[in-house]
Amino acid sequence: MRKYSVFAVAREAMRGHRGWEAQWTSPEPRKDYDVIIIGAGGHGLGTAYYLAKEHGITNIAVLEKGWLGGGNTGRNTTIIRSNYLYDESAGIYDHALKLWDGLSQDLNYNVMYSARGVMMLSHNIHDQQVFKRHIHANRLNGIDNEWLTPEQAQEFCPPLDISRTARYPINGAALQRRGGTARHDAVAWGYARAAADRGVHIIQNCEVTGIRRNPDGSVAGVDTNRGQINAKKVGVVAAGHTSVLMEMAGVRMPLVSYPLQALVSEPIKPIFPCVVMSNTVHAYISQSDKGELVIGAGTDQYSSYSQTGGLQIITHTLDAICELFPIFRRMKMMRSWGGIVDVTPDRSPILAKTPVQGLYVNCGWGTGGFKATPGSANVFAHTIANDAPHKINAPFTLERFRSGRLIDEAAAAAVAH
Ligand SMILES: Cc1cc2nc3c(=O)[nH]c(=O)nc-3n(C[C@H](O)[C@H](O)[C@H](O)COP(=O)(O)OP(=O)(O)OC[C@H]3O[C@@H](n4cnc5c(N)ncnc54)[C@H](O)[C@@H]3O)c2cc1C
């Protein structure tokens, strides 16, 4: 595939941009592949890319029931950070953060990673203790995270109201300067283009309706609405629909699927230089390059597979945003939408082999998997290629819910996720 460069852009500008080729091909599915990946979100496409690039496996199909990037990858609020509490989490999220740094160059595709800083607001003594514990734990793992006074927090984010009369007064903040955002669609497109360039088949509008097994129990392939496709290895990377797919192979998952919503305002001039999260009040906000305020809510309280959520959830979020940032009170909201997130009991992901030989699963990212995309895809590719986990994802097993060796980021955050 032709390399994107300043010369290519200049050449195409001279001839009316008629020379660009399609970013990825849309082949008919073959009968057999070495590996099938179910789900063309960032994690699935990234897995295919690293399988091809780092493990030399190119006879791969990525099967997607809708359009690539149309799941949670294209619906999230794009926050990237690695300041989780436990060592296991530090390992995987910081592996991802390091890959984000060179991802545009690696893919030859501008994913617009912007390390503008993620600031988490502390409103009470409990928040302060939790954040300081995170800061110390992160530093021991070589991860940047620092404590700011309210004045320093306002200096970093001028629209922040730090008056003592605010509804939710701020007594400090934890700042990860390397945290930030990336353009989510570009992540899916960049991985798709780079994977297709290495021979990976990306097959959209192809819904997996069954996972077939050999008489010895191992994976034989999948049934789809476009026919049967064989493969010795199948990776399920289907976020909110993981339980449904794993059920097809007879594996019960410790997951609950919930709608999670986000919304954007009308575009305004650049005013908001970073990402701000308030776990206690439960709202988070950043400003996109188009100028919209990008606002995220919490999950709905009931499980569902509909990509819409309850109105009361986003109105609560807007209440919180207006209390934290009174200057936004008169802004109009332009769009809201939902995605289906797959939540584990400890709010940490599962990236592992399964009891079915040749079947692998990457799921349970819940409300926070976008940030992990490159790291997750990279170690999941290793797991599939070697039929054994990478040391970074070795702790993220299915068995931990039986053995009790949880990676309890739910308890560590000490707020509803
Ligand atoms: C509103 C919202 C805000 C979020 N904000 C953030 C954030 O700020 N930061 C962060 O880190 N994370 C965030 N997340 C979470 C993040 O989006 C996800 O964890 C991540 O994108 C999951 O990526 P994925 O590739 O695993 O899944 P997806 O992108 O959902 O891809 C899975 C794909 O599988 C396909 N599929 C499902 N069933 C089948 C089938 N039977 N056959 C074929 N294909 C199938 C789906 O169509 C889908 O395209 C947010 C999520 C939402 C919904």
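An open sheet of eight strands runs in the order E5-E6-E4-E13-E14-E15-E12-E16, and its pairing is mixed. Two strands count as paired if DSSP finds at least two bridges between them. Helices (H or I, at least four residues) and strands (E, at least two) are DSSP runs, numbered from the N terminus. Strand E5 (146-148) and E16 stand at the edges with a single partner strand each, so one side of each has no neighbour in the sheet. On average, neighbouring strands of this sheet are turned by 20 degrees against each other, direction ignored.

The model is predicted: local features need pLDDT of at least 70, side-chain atom pairs count only at pLDDT 80 or more, and totals for chains, interfaces and linings use all residues. Residues are numbered from 1 along each chain as its sequence is written.

Helix H8 (residues 311-324) packs on the sheet. H8 touches E12, strand E13 (275-278), strand E14 (283-287), E15 and E16. Contact here requires C-beta atoms, placed from the backbone, within 7 Å. The direction of H8 makes about 125 degrees with that of E15. Axes are lines fitted to C-alpha atoms, for helices over the stretch in contact, and angles run from 0 to 180 degrees between N-to-C directions. Leu-311 belongs to helix H8. Leu-311 is exposed, with 10 other C-beta atoms within 10 Å. A residue is called buried if 20 or more other C-beta atoms lie within 10 Å of its own, exposed if 12 or fewer, and partly exposed in between; C-beta atoms are placed from the backbone. Leu-311 and Gln-261 are 50 residues apart in sequence, yet 9.5 Å apart in space, C-alpha to C-alpha.

Strand E15 (residues 293-299) pairs with E12 in the antiparallel sense over four bridges. Ala-262 has Gly-296 as its bridge partner in E15. Leu-260 is bridged to Thr-299 of E15. E14 also pairs with E15 in the antiparallel sense, over four bridges. There, Ser-286 has Val-294 of E15 as its bridge partner. The hairpin of E14 and E15 has five residues between the strands, and in this hairpin Gly-291 takes a positive phi near 105 degrees. Seven of the seven residues of E15 are buried, so the strand is largely enclosed by the rest of the structure.

The chain is divided into domain 1 (28-82 + 84-109 + 184-254 + 346-413) and domain 2 (118-177 + 257-343). These bounds come from an automatic or database domain assignment. The domain centres, taken over C-alpha atoms, are separated by 28 Å. The contact takes 22 residues from domain 1 and 23 residues from domain 2. On the side of domain 1 that touches domain 2, helix H3 (87-107) and helix H7 (242-248) are the elements that give two or more residues. H3 provides the largest share of that side, three residues. Ala, Val, Leu, Ile, Met, Phe, Trp, Tyr, Cys and Pro count as nonpolar, Asp, Glu, Lys and Arg as charged, and the others, Gly among them, as polar.

The ligand is surrounded by 39 residues. The closest are Gly-39, Gly-41, Gly-71, Gly-339 and Gly-369. A residue is near a molecule if its C-beta atom, placed from the backbone, lies within 6 Å of it. Helix H2 (42-55), strand E12 (256-265) and strand E16 (333-343) are the elements that give two or more residues to this shell. The shell has 14 nonpolar, 20 polar and five charged residues. Domain 1 and domain 2 both give residues to the shell, so the ligand lies between them.

Definitions and conventions:
Contact = placed C-beta atoms within 7 Å.
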